[in-house]
Amino acid sequence: MTTTDDLHPDIAAALAEIPGGVVIDSHHAEWPELGMTIDVPSEHERAVGSCADGNVCAFSGSSLSGTRVSFSYCGTYSPGISVRSIANARSAGYVQARSSSGSVLATAIATSWANVSGTVATLNCVP
C-alpha cells in the first residue's frame, strides 16, 4: 500500500489541489470523474512518449504520433512504415533514420526523440 510519504511530490500536490483523485502507486494517480491521469516517470523509467524503456521506436506521424514500430535490440532495421518521427528510450547510444543512400535524416540520442524529414529506408541503432 502506498502511503502519502511515498508519493512523488507532483502526485501529492495534484491530489491536494484536485478533488476526487485516486492513487495508483507512488508515481501514478487518476481522477475517474474527470477522465484524467498523472504519470510521473521514476528515475528508472526512460520511456520516451509511448516508446517503452529500453526500446527504439519509429512512428508514422510527427512528434511520436500514429502507428508505432518498436525494436528491443540495437541493429539496422527496415521499419516497414513511412516514418515521420523516431524515439530512443535506451539509456545510452543513439538511433538514426537513414535514407536509401545512407544519408542521416534524423538522430535521437538516449532518452530523446526527433522528427524526420525525408524517406526513411532504415533505422540504425548504435548502443
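Helices (H or I, at least four residues) and strands (E, at least two) are DSSP runs, and they are numbered from the N terminus. This report describes a predicted model, in which local features need pLDDT of at least 70 and side-chain atom pairs count only at pLDDT 80 or more, while totals for chains, interfaces and linings use all residues. Residues are numbered from 1 along each chain as its sequence is written, and side-chain values use heavy atoms, with hydrogens and water left out.

## Overall layout

The protein has one helix and 11 strands, and from the N terminus on its elements run α-β-β-β-β-β-β-β-β-β-β-β. Of the 127 residues in the protein, 32% are buried; here buried means under 20% relative accessible area, exposed means over 50%, and partly exposed lies in between (1.4 Å probe, protein chains only). The protein exposes about 7100 Å², and carbon and sulfur atoms supply 51% of this area, where accessible areas come from the Shrake-Rupley method with a 1.4 Å probe and, for residues, only the protein chains shown count as cover. A contact means heavy atoms within 4.5 Å, and among the contacts in the protein with a separation of 6 or more, 40% are between residues 24 or more positions apart.

## The sheet and its strands

Strands of a sheet pair through backbone hydrogen bonds, either parallel or antiparallel. In this report two strands pair if DSSP finds at least two bridges between them. Four strands form an open sheet in the order 6-11-8-9, with antiparallel pairing. The edge strands are strand 6 (76–77) and strand 9 (104–109), each of which pairs on one side only. Strand 8 (residues 94–98) and strand 11 (residues 122–126) run antiparallel and are joined by five bridges, and the bridge partner of Y94 in strand 11 is V126.

Y94 and V126 also belong, together with I109, to a nonpolar patch on the surface that has about 250 Å² of accessible area together. Such patches are made of residues with over 30% relative accessible area and no salt bridge, with like charges joined within 9 Å and nonpolar side chains (Val, Leu, Ile, Met, Phe, Trp, Tyr) within 5 Å; a salt bridge is a side-chain nitrogen of Lys or Arg within 4 Å of a carboxyl oxygen of Asp or Glu. I109 is found in strand 9 and counts as exposed, at 55% relative accessibility.

L123, by contrast, has its place in strand 11 and counts as buried, at 1% relative accessibility. Leaving aside residues up to four places away in sequence, L123 touches A58, F71, G75, T76, Y77, P79, I86, V95, Q96 and A97. The C-alpha atoms of L123 and V83, which are 40 residues apart along the chain, are separated by 9.6 Å.

Another antiparallel pair consists of strand 4 (residues 56–59) and strand 5, which are joined by four bridges; within this pair, C57 stands opposite S70 in strand 5. Strand 5 (residues 68–71) has a covered face, formed by V69 and F71, and an uncovered one, formed by R68 and S70.

## The disulfides

A disulfide is a covalent bond between the sulfur atoms of two cysteines. In this model a disulfide is counted when a pair of cysteine sulfur atoms lies within 2.5 Å, and by this rule the count comes to two disulfides. With bonded cysteines counted along the chain, they follow the pattern 1-2, 3-4.

A disulfide joins C51 to C57, with an S to S distance of 2.2 Å, and this link is right-handed, with 85° about the S-S bond. Both C51 and C57 are buried.

C74 and C125 form a disulfide with their sulfur atoms 1.9 Å apart. C74 lies in the loop between strand 5 and strand 6 and C125 lies in strand 11, so this pair ties together parts that are 51 residues apart in sequence. C74 is partly exposed, with a relative accessible area of 25%, whereas C125 is buried, with a relative accessible area of 8%.

L64 is buried, with a relative accessible area of 16%, whereas T111 is partly exposed, with a relative accessible area of 45%.
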